Amino acid sequence: MEPTAVITGASGGIGQAMVRMFAAAGYRVFCGCFSHPESLEALTAQLCSQGCRAEAFRADLSSPWQADAFAKEVLGRCGGHVDVLVNNAGVAQQKLFQDITDSDWRHVMGVNLDGAFYVTRSFLPAMIRQKSGRIINISSIWGVCGASCEVHYSASKAAVAGMTKALAKEAGPSGVTVNCIAPGVIDTPMLDGFSQEDLQQLVEQTPVGRLGSGEDVAALALFLASAQAAFITGQVICVDGGFAL
């Protein structure tokens, strides 16, 4: 049977790297996004022209109704069997704590935490029925060590890590592993608001001496999805070049 993977936040830098890597590894990839759907559609069209199987869907996964509709559409297309779910959708915002509005807080929590919850809730029953599955949640190094001027983002990503650990214990007896990747400073459009001086400081704080790439994160996700990672669950693994040491 052709392996299947669902990747949310698939139009972003990390998301596109994951789509490419999973498709190249032989997965049929179902790609969800809300922002920049045109870039995701271009990517899936390119992959299909190369003999891969990838499909793009647009949905606001911070909405329980849209998350459920997205899952039903995907499960209908793949015969109800999903091997891998990567909860990668996320948004970031830099603000002083006292300037964070109610809507700022709700938006960041809605996309980063609620979306992961809603999508997982929609796909997990299928994995439990098939007695197998890999759930990979994308957190952040800021969810591990916190970031000044990103309290709401840090809190949402820390919550994703907590959800991962708890669900791993609950889903393990059904053959489903749940792990979390905490990327460090990754060279994606999320860094567009940083000055060159700020970026250089981040490079200097990273022991390996460079920013990470989407491929660095995607490679770990692909490993966690593999049979070689069958005994790994409930883990939060940092891909940060040593930034948080």
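## Nonpolar cores

A nonpolar core is a set of buried Ala, Val, Leu, Ile, Met, Phe, Trp, Tyr and Cys residues joined through side-chain atoms within 4.5 Å. In this predicted model, the largest such core has 32 residues, of which Met18, Phe22, Val29, Ile136 and Ile181 touch the most other members. At least two residues of this core come from each of β1 (4–7), α1 (13–24), β2 (28–33), α2 (37–49), β4 (84–87), β5 and α8 (214–224). The most is given by α1, with 6 residues.

A second, separate core consists of 25 residues, including Val74, Leu75, Val119 and Val178.

Apart from neighbours within four places in sequence, Met18 is in contact with Ile7, Val86, Ile138, Val217, Ala218 and Ala221.

Helices α1 and α8 pack with their axes 8 Å apart, at an angle of about 50 degrees; the two are therefore oblique to each other. Their crossing is right-handed. On the α1 side, the contact is made by Gly13, Ile14, Ala17, Met18, Met21 and Phe22. The α8 side contributes Gly214, Glu215, Val217, Ala218, Ala219, Ala221 and Leu222.

## Helix α6

Helix α6 comprises 21 residues (151–171) and, at 1.5 Å a residue, should span 30 Å; its end C-alpha atoms are 30 Å apart, in agreement with that expectation.

The buried residues of α6 are His152, Tyr153, Ser154, Ser156, Lys157, Val160, Ala161, Met163, Thr164, Leu167, Ala168 and Ala171. These buried residues pack against the helices α4 (102–130) and α5 (141–145), and against the strands β5 (133–138), β6 (176–183) and β7 (236–239).

Conventions
Residues are numbered from 1 along each chain as its sequence is written. This is a predicted model: local features need pLDDT of at least 70, side-chain atom pairs count only at pLDDT 80 or more; totals for chains, interfaces and linings use all residues. Side-chain values use heavy atoms; hydrogens and water are left out. Helices (H or I, at least four residues) and strands (E, at least two) are DSSP runs, numbered from the N terminus. The expected span of a helix is 1.5 Å times one less than its number of residues. Buried means under 20% relative accessible area, exposed over 50%, partly exposed in between (1.4 Å probe, protein chains only). Contact means heavy atoms within 4.5 Å. Axes are lines fitted to C-alpha atoms, for helices over the stretch in contact, and angles run from 0 to 180 degrees between N-to-C directions. Angles under 35 degrees count as roughly parallel, over 145 as roughly antiparallel, 65 to 115 as roughly perpendicular and the rest as oblique. A crossing is left-handed if the near helix is turned anticlockwise from the far one by less than a right angle, and right-handed if clockwise.
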